[in-house]
Amino acid sequence: MKERIKHSKFGSFQPNIENLLELTPEDFAPATDEQKNGFMSDRQSTSYWKDAMRRLKKNKVAMVALGTIIFLILFAFVGPFLVPYGYDQFNAGAENLYPWHYSLEDQAILDSVSGNAEERLAAAIEQAEKEKGSELDAIELATLKAVVNKKVDINQFKKDNNIHSQLFGYSKNELQRIEAGESVFPHVFGTDKAGRDIMVRLMVGTRVSMLIGICAALLVLLIGATYGSISGFFGGKVDAVMMRVVELIYAIPEMLVVLLLSTALKPALVNFQDSGSGFFQGLVGAMGPNLISMFVAFGLLYWVTMARIIRGQVLQLKEQEFVTAAEALGASSGRIIKKHLLPNCVGQIVVTTCLQIPSAIFLESFLSYLGVGVSAPMTSLGSMASDALSGITTYGYRLVIPAVILSVMILSLNLFGDGLRDALDPRLKK
Amino acid sequence: MAKYSLKRLGMALITLLVVASLTFLLMSAVPGGPWQSEKPLSPAQVQVLNEKYGLNKPVLTQLGIYLGNFVQGDMGVSFKMQKNRPVVDIIMEMFPISASIGFFSLLWAILLGVPLGCIAAYKRGSWVDSLLRIICTLGVSMPSFVIASLLITTFAGSNEALRIFPTIFDSALGVKAYILPCFALGLYPMCYTARQARSSMLDALGQDYIKTARAKGLKTPKIIFKHALRNALIPVITYLGPQIAFVFCGGFVVEKVFSIPGLGRYFVQSIQARDYPIIMGTTIFLAAFIILMNFLVDLLYNVVDPRIKLDGGK
């Protein structure tokens, strides 16, 4: 008896034949309201999105990736409000700080052996003259020079004098202010050669990269989905012509054209920006000409993959009965595409858009690295890496930090996109 | 086959024409010209220069003249970068350098990527598979300039013990000069190939003919390399065309980091210097090269998998 109830939980109304002979009149009693309600809640249907969310939540890798993305979003969008430095603010006296510092006394000791050679020589001469009481002769001067200029093994010296570096960068001035009781926000990753705080620049750079990725992906989505659905839905000659265009764009070496576009459009956009103070001019000014040319490149070249995917889906879907039904009811082509076809390929659309974001970020960093991306004073992770290249031997971390953030961002977006694909369309799972 | 090749050739020519016209029009639409420099020239001088290089004619006429000359094998002379040297000469000098680096990068990427993918597929679910998966996902997530600059800081940086390789590319050094750039350029294709090979190998291993082969009593290596690999290679080859394009375009960055005097770096420089004939020449040349490679890859399909019909199966 108990067993049979357990069976019915899975929704089977097929009677278990073995149990049929053991039926008692009780089994034929009408179900109570409580039982009915229990039955309904047991068999509640899950929607497509709920089902996908459940699968996504089970995917540990994707969830970790999502956590990383959320952390990066907070870092990029909330971070700049917490740090009191501006991304283009020159902090005088705080140039080229390392992400570590020495206390004031230690720094003074260090300066005495490894500071500016001329200053140290002048100080040494002054001190020797004071001791001697008269001016130094040539021989004494030469020996003093040799002593001062003698190379000291800094690491050994630090060990001997028990000097340890401390976390975060502070300039001398800032250390003095701390000593005076002021609280000074540290330069967590140091500063660059113009005295700009590297952490704030990283935050803003991450923000720029993310925004570009998202905007480019939405642009690609808009153009690709429209083009692909029209091509797939109308088929025949329209499809043939439209797909020839797609093939043509596929064959164009995109990187060449993107490079060319970003260089070519820049002066035109700068002219346009200076031509007046309307809404569009303001928009160009806010985004920077290089960013716009990048979007133009995306709009021109990168939608073809999306268009192909949507077209394939639409070709399959348009043969199905619900489209025929809609046509029979007199729905226009636009309505069928918008209301019936596109919502049915939403899984594919979401996944492709999501995977487009990292590739846009990839391209942006690439262009910024070549010097045709985001223009100064705006910054991006790619241009920061490019700037760091000149001082790579001394300040290697300036290259490593943006590079790591960029890689982690692309990595987690890729992993999350893969997870999303597995969740939304389990058939595609590899 | 012949019909297909002809069709593709026509398509390729149209693409080239589009690329050429697009490039030309874009270049001409930019205000200012190649004569802008730190020392401004007088209007009279600019006029003489424009006259000499035919820049005073309408843009469409210029394009027509350029295309006419191009068909006859004349790609013009450089305006600025290497004054009055024929563009053909410049390309012929620089392309071999880029091509050799691209070739070796792709070579190691495929020679290593395909077997790694096969191993991962065969050992599916084991730690080997997981490790390869992590490495490959990392590899496709790092832009080539990141890899290149990390390599250069590590192996050509301030640390004396690790300073094995030169910072600046010098072909006189032989193999040593090629190792870092080829590694940086080939890592992405390698990881991508391995991922692709793994998934298509898994697909192939699940097919019925593999069961038949097993039932016949064949040894595992023979099943993998004789029966499964050939079918698993198709998606890998499909991506070979775009990969060639990537290696040549990713070359821009790697060439910049390692100061390689290749075509990619020169192209970027010529855009910045507005040396029109060099921009046109390199664009058309690289585009033609990429299109040709895509075509060859398509023909290669047919060899590897005779089931694929190029003519559209009519």
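Contact here has a set meaning: the C-beta atoms of two residues, placed from the backbone, lie within 7 Å. Helices (H or I, at least four residues) and strands (E, at least two) are DSSP runs, numbered from the N terminus.

Helix α8 (residues 208–215) and helix α9 (residues 220–238) of chain B pack at an angle of about 145 degrees, and their axes are 10 Å apart. Axes are lines fitted to C-alpha atoms, for helices over the stretch in contact, and angles run from 0 to 180 degrees between N-to-C directions.

## About the model

This is a predicted model, in which local features need pLDDT of at least 70, side-chain atom pairs count only at pLDDT 80 or more, and totals for chains, interfaces and linings use all residues. Residues are numbered from 1 along each chain as its sequence is written, while chains are lettered from A and ligands numbered from 1 in the order in which they are written.

## Chain A and a covered helix

Chain A has 22 helices and 2 strands. Of its 430 residues, 33% count as buried, meaning that 20 or more other C-beta atoms lie within 10 Å of a residue's own.

In helix α21 (residues 381–388) of chain A, 8 of 8 residues are buried, including A:L381, A:M384 and A:A385. The buried residues of α21(A) pack against α12, α20 (346–370) and α22 (396–424) of chain A, and also against α6 of chain B.

## The nonpolar core

A nonpolar core is a set of buried Ala, Val, Leu, Ile, Met, Phe, Trp, Tyr and Cys residues joined through C-beta atoms within 7 Å. The largest one has 154 residues, among which A:A385, B:A148, B:A184 and B:V253 touch the most other members. Helix α12 (residues 198–234) of chain A gives this core its largest share, 15 residues.

Beyond its neighbours within four places in sequence, B:A184 is in contact with B:S144, B:I147, B:A148, B:L151 and B:V254.

## Where the chains touch

The contact between the chains takes 39 residues from chain B and 35 residues from chain A. On the chain B side, α1(B) gives the most, with 10 residues. That side divides into 26 nonpolar, 12 polar and 1 charged residues.

Methods:
Buried ≥ 20, exposed ≤ 12 C-beta atoms within 10 Å, placed from the backbone. Nonpolar A, V, L, I, M, F, W, Y, C, P; charged D, E, K, R; others polar.
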